[in-house]
Amino acid sequence: MNTKVYRAIIRLRFLLLVQYRAAALAGISTQFMFGFVKVMVLEAFYLSSTTAQPMSLQQAIGYVWLGQAMLGMLPWNGDADIQALIRSGNVAYELCRPLDLYNQWYARAIALRVAPTLLRAVPLFLISLFVLPSRYSLSVPTLSSLAVWILATIGALLLGCAITNLMNISMLWTISGEGIIRLLPAVVTVFSGMTIPLPLFPNWSHKILELLPFAGLVDTPARFFTGQLDPNQIWLFLARQLIWTAILIIWGRWLLARGLRRVVVQGG
Amino acid sequence: MKDSLTLYLRYVSVSMRSQMQYPASFVMMVVGNLVVNAVEFLGVWALFARFGSLRDWSLPEVALFYGMVHVAFAVSEAAARGFDILHRQVKSGEFDRILLRPRSTVLQVMGLEFQLLRVGRLSQGLVVLLWALTNLDVALTPIQILLILAAIAGGALLFSGLFVLQATMSFWSLETLELMNVLTYGGVETAQVPVSIYRSWFQNLFTWFVPLASINYLPLMAILDRPEAHTLPVWVPWLSPLAGPVFLLVCLQVWNFGVRHYHSTGS
Amino acid sequence: MPQILVEDLVKTFRVSKRQIGLWGALKGLVAREHIFVSALDRVSFAIGEGELVGYLGPNGAGKSTTVKILSGILVPDSGICQVMGRTPWQERIDHVRHVGVVFGQRSQLWWDLPVIDSFELLRDIYRLSPTAYQATLEEMVDTLQLSNLLEIPVRQLSLGQRMRCDLAASLLHRPQLLFLDEPTIGLDAVSKLAVREFVKKLNQEHGTTVILTTHDMDDVEALCSRVMVIGRGRILAQGSLRDLRDQVTRERRLIVELDPDYPREYIAETLPQAKLVKWEGSRAHFSFDPTEVTPAELISEISGHFPIRDLLVENPPIDEVISRLYGELQL
């Protein structure tokens, strides 16, 4: 499929979201409140101790805001349309088409993550950068930090969509699929850094957390933006993101082939 | 009154049997809910492990706050689930069917679903609560335990009131429902630590507007030996569990108003 | 005093207009336009106890709005509405106790559980005494043949089976008034007949007033002594089917079956007072005005020219009558 189609999907999804203006506002307000509570709790914790921490309070606060702003990119749920396609059994018809189903779903995932992210990220960035008082605000990054953040965000998008696709594919196995759809978001939330910034987990766990795929979703970009990670570390972290992406894509394609064969054999 | 209770119990039985029609799926969902909630506690625990204390609150104290609010919320999630999903009925027009039956709308909406899987959050909350109670510095008298139970019950009614409000909102606009998450899930996140750590305007919001402080903070002032407790009149902690049911009653009035509005505008 | 009395009912809805395109959508973020749709424009009618009335009209004409007001779900802007001596929306619980509603497309049964569980839940909802419930249940199971369906989860029933169960469910509390909204939609022929038979019997034996909203003209023809046609929020025609037919046309049909091998070219010309409407295989359908030429004259005319195998005289199909009526009323 060509880029024109995916541009159209992004545009339509954006239009749809904008139509529901109240929903957009409500979503942003909700996220803002959640972020604010986390920030206040973090501040209270930091005030309780004077020892040096892996990240400063300012960095931790910035991290939280970045997580909220880029929430749309997290593989929070599968693609509802694809799930409906699988549940109804119509997915079997997709096999009749001479198209690569995995790529199709992957490209779709990208298109469907970009639209809501754009809509929510812009206001949240603006508010946390410029509106909030400095003790709670997101600090403006240096140019090099910003540049590597962009790279890390692209990596996060690719990685996130690979995970989303795995969630979609797991739906081909009804019971396990449902289980994964329920468990994965919670796992993703904690291990990506959305619950609390990963550097604040016990020091002994850092290496493990960094090696997990989920860190690449929020933790990696956020740490670059806030400067907690030095910009010249980008290649190491980007490589981790891309390696995981590749692993998950390969695994996903293999699972999809097996899953589709199963659908055909069982008659959907 | 009695036959309303019988009817509600029948609704619960029907709901539970419906959910257990797919046993494997059901088990998966309960396990899922357990994991989801356990994993969120990981964050709080990690922060304590790193910083040692939250301001001057110890981990057992904070765990007490955490356990109480999560147990209260889990009960309300399970029982008031019907209000949580009401927007679907309103959207599909199924709510009309509720109006066509000669019983109270509140009873029927509650009867829509009693969500068993919330036992995940409930058990996690209970575990944390029990751990907190056994690790606190203070020994609790029976009447203090009763206060804690009353506070949790009041909390469950408070959260149920929020779900009722959310359902009422769906009569006007389906788009803004997400805002209520600020008060429900946001409320849980806010109240799982002592509200005194927040800025005062935030504290006041959650004491007077949506009285989340009545679920754990205010009652615990009569139990924990804290400097803040001395600034409060003696009766405040003991009467604070009443805030929840009062709040619910107010929300039910708003619900009745909403149903009348629905009458006038259709779906 | 008629059971249902409706006078000058008015109901208007406010609908927000969504704007097209990206610019429109962004504008919509700031300001929304609204249009007002008049669903009911001074509707008046009366229905007596025990009547079986058909309520017809194109989609969007105001049928479901009327039914919603009569059942107490919706409040009109103005007008009088008295059902069984009550104003429906003002005394919702009392009113609804005596009313049954069946939506063709939406079941009121609990999806995942056996049918009997839904019935028992309804028994508790309507506070029916065990004896009354048992008697009514037995009657329903008997007349609708539900005995082998009771233990089956509703989601496993076919559409026809589910409709029969929904009918039973709506009547467990023995309402005096029954609203049927598209009850036969999507049903197979056998089920349709079963439903029609049941409704007829219900009306005749129990005197239940029935208001039937439908697009299926066979339903109307089989069941309704009286028909109301609504269009664009106004009642445009009322009366028996025959009156309605006569209002639109006095025309009748002559259907002649000929020998298939026989050349057909000149058949139209042999009957100048009749119009050849269509061919159906070897059958010719003619339309004629019985006040200008009698069927006997036509038959003797055509049999003089052609070997006829079979013939039939009938009214034009009710579908045509209704669509012609809509056309005349400019719906």
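How many salt bridges does a search of the whole structure find over all chains? In this predicted model, the search returns 37 salt bridges.

**View 1. The interface of chain A and chain B joins 42 residues of chain A with 38 residues of chain B.** The size of an interface is often given as the accessible area lost when the parts come together. Between chain A and chain B, about 3600 Å² is buried, and carbon and sulfur atoms account for 74% of this area. Across this interface, 10 residue pairs are in polar contact, both residues of each pair being at pLDDT 80 or more. Two elements of chain A, α2 (21-46) and α8 (174-192), are those that give two or more residues to the side touching chain B. The largest share of that side comes from α2(A), with 18 residues. Sorted by class, the side of chain A that touches chain B consists of 26 nonpolar, 10 polar and 6 charged residues.

**View 2. The interface of chain B and chain C takes 30 residues from chain B and 31 residues from chain C.** Together, chain C and chain B bury about 2900 Å², of which 50% lies on carbon and sulfur atoms. On the side of chain C, the residues that lose the most area to chain B are C:I73, C:R92 and C:I125, which together make up 22% of what that side buries.

**View 3. C:D117 and B:R17 form a salt bridge between chain C and chain B.** The closest N and O atoms of this pair are 2.7 Å apart. Across the interface of chain C and chain B, 5 salt bridges are found, and 13 residue pairs are in polar contact, with both residues at pLDDT 80 or more. The elements of chain C that each supply at least two residues to the side touching chain B are β1 (4-17), α2 (63-71), α3 (92-96), β5 (99-103) and α4 (115-125). Of these, α4(C) gives the most, with 7 residues. The side of chain C that touches chain B divides into 15 nonpolar, 3 polar and 13 charged residues.

**View 4. Chain B carries a nonpolar surface patch of about 620 Å².** The patch is made by B:I143, B:I145, B:L146, B:L149, B:V234 and B:W238. Helix α9 (residues 142-172) of chain B gives the most to this patch, with 4 residues. B:I143 is found in helix α9 of chain B.

**View 5. A:E210 and A:R223 form a salt bridge within chain A.** The side chains of A:E210 and A:R223 meet at 3.3 Å, N to O. A:E210 lies in helix α9 (residues 206-211) of chain A, whereas A:R223 lies in helix α10 (residues 219-225) of chain A, so the pair ties together parts that are 13 residues apart in sequence.

Key
Residues are numbered from 1 along each chain as its sequence is written. Chains are lettered from A and ligands numbered from 1 in the order in which they are written. This is a predicted model: local features need pLDDT of at least 70, side-chain atom pairs count only at pLDDT 80 or more; totals for chains, interfaces and linings use all residues. Side-chain values use heavy atoms; hydrogens and water are left out. Contact means heavy atoms within 4.5 Å. Buried area is the accessible area (1.4 Å probe) that two parts lose on being put together, summed over both. A polar contact is a pair of N or O atoms within 3.5 Å; within protein, one must be able to donate a hydrogen and the other to accept it, and residues adjacent in sequence count only if both atoms are side-chain atoms. Ala, Val, Leu, Ile, Met, Phe, Trp, Tyr, Cys and Pro count as nonpolar, Asp, Glu, Lys and Arg as charged, and the others, Gly among them, as polar. Patches are made of residues with over 30% relative accessible area and no salt bridge: like charges are joined within 9 Å, nonpolar side chains (Val, Leu, Ile, Met, Phe, Trp, Tyr) within 5 Å. Accessible areas come from the Shrake-Rupley method with a 1.4 Å probe; for residues, only the protein chains shown count as cover. A salt bridge is a side-chain nitrogen of Lys or Arg within 4 Å of a carboxyl oxygen of Asp or Glu.
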